[in-house]
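Trainee: I would like to learn how to read the features of a model with some care. Could we go through them one at a time, with the general idea before the case?

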Amino acid sequence: MRTIKLLILIFLISLSSCYSTKRLIRENDFKTSEFNKQSLNGIYNNGLNDSLRKNLWATLKSSYSDKTETINLENNNVKLTLIDNENINVKLLSETDENIIDEFNLKGRIKDNFFTIERKLTLYPFIPIYYVNKETKTILGNDLDGNLIVVTGSVSEAMILMMAGGNRSVQSNQFKRIKN
């Protein structure tokens, strides 16, 4: 019985895969520059210039933690520092950029002109009663003006007693560079 449950779980996971790095690169809405470690390092505006309430800190935090960031920090800035080819440090700065409010590191790798953050997978299986799958994949790069390009692909799926539903989306956002 345990083997059957495991096979069903593997089958469900194989049917639902998140976006690949190459697909996110293709779905990017902005022109990107050649990847350079030093060009990614810098301080970026946390808020978008349009009416979307999503901010850079919340987007990157969702690739790190399951907790949803609910505080509005549009006036704050985010500092990105590429530590090496596999780690990037993310800091939320105060409005004056003098103090660090919070920070974390993201693991990933450099692919094409982007830093690809490792896929975040949250899976709650209890076959055959329910199955919940949430995946997030994010890539970071710079446009020709040095602004930050963030492309995020997310998949949310659920199955309860053989009824299933889900959501797939790709968001491509540009955050203004404040300073290096």
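Mentor: With a salt bridge taken as a side-chain nitrogen of Lys or Arg within 4 Å of a carboxyl oxygen of Asp or Glu, the structure holds four salt bridges. This is a predicted model, in which local features need pLDDT of at least 70 and side-chain atom pairs count only at pLDDT 80 or more, whereas totals for chains, interfaces and linings use all residues. Residues are numbered from 1 along each chain as its sequence is written, and side-chain values use heavy atoms, with hydrogens and water left out.

Trainee: Which parts does the salt bridge of K61 and D102 tie together?

Mentor: The N to O distance between the side chains of K61 and D102 is 3.1 Å. K61 belongs to helix α4 (residues 56–62) and D102 to strand β4 (residues 100–111), so this pair ties together parts that lie 41 residues apart in sequence; helices (H or I, at least four residues) and strands (E, at least two) are DSSP runs, numbered from the N terminus.

Trainee: Where do E135 and R119 lie?

Mentor: E135 is in strand β6 and R119 in strand β5, so their pairing ties together parts 16 residues apart in sequence. Their salt bridge has an N to O distance of 3.8 Å, with E135 buried at 7% relative accessible area and R119 partly exposed at 38%.

Trainee: How far apart are the closest N and O atoms of R168 and E157?

Mentor: They are 3.6 Å apart in this salt bridge. Because R168 lies in strand β8 (residues 163–175) and E157 in strand β7 (residues 148–160), the pair ties together parts 11 residues apart in sequence; R168 is partly exposed at 39%, and E157 is buried at 19%.

Trainee: How many cavities of 30 Å³ or more are there?

Mentor: In general, on a 1 Å grid over the protein atoms alone, a cavity is a set of points where a 1.4 Å probe fits but cannot get out, and lining residues have an atom within 4 Å of a point. Here the count is one cavity of 30 Å³ or more, and the largest cavity has a volume of about 30 Å³, a volume being the space filled by probe spheres set on the points.

Trainee: Which residues line the largest cavity?

Mentor: The lining consists of S33, E34, F35, N36, S39, L40, N113, G141 and N142. The elements giving two or more residues to this lining are α3 (37–40) and β6 (130–142).

Trainee: Where does D145 lie, relative to the strands?

Mentor: D145 is in the loop between β6 and β7 and counts as exposed at 67% relative accessibility. From C-alpha to C-alpha, D145 and S33 are 8.4 Å apart in space, although 112 residues apart in sequence.

Definitions and conventions: On a 1 Å grid over the protein atoms alone, a cavity is a set of points where a 1.4 Å probe fits but cannot get out, and a pocket is an open set with protein on both sides within 12 Å along at least five of seven lines; lining residues have an atom within 4 Å of a point. Buried means under 20% relative accessible area, exposed over 50%, partly exposed in between (1.4 Å probe, protein chains only).
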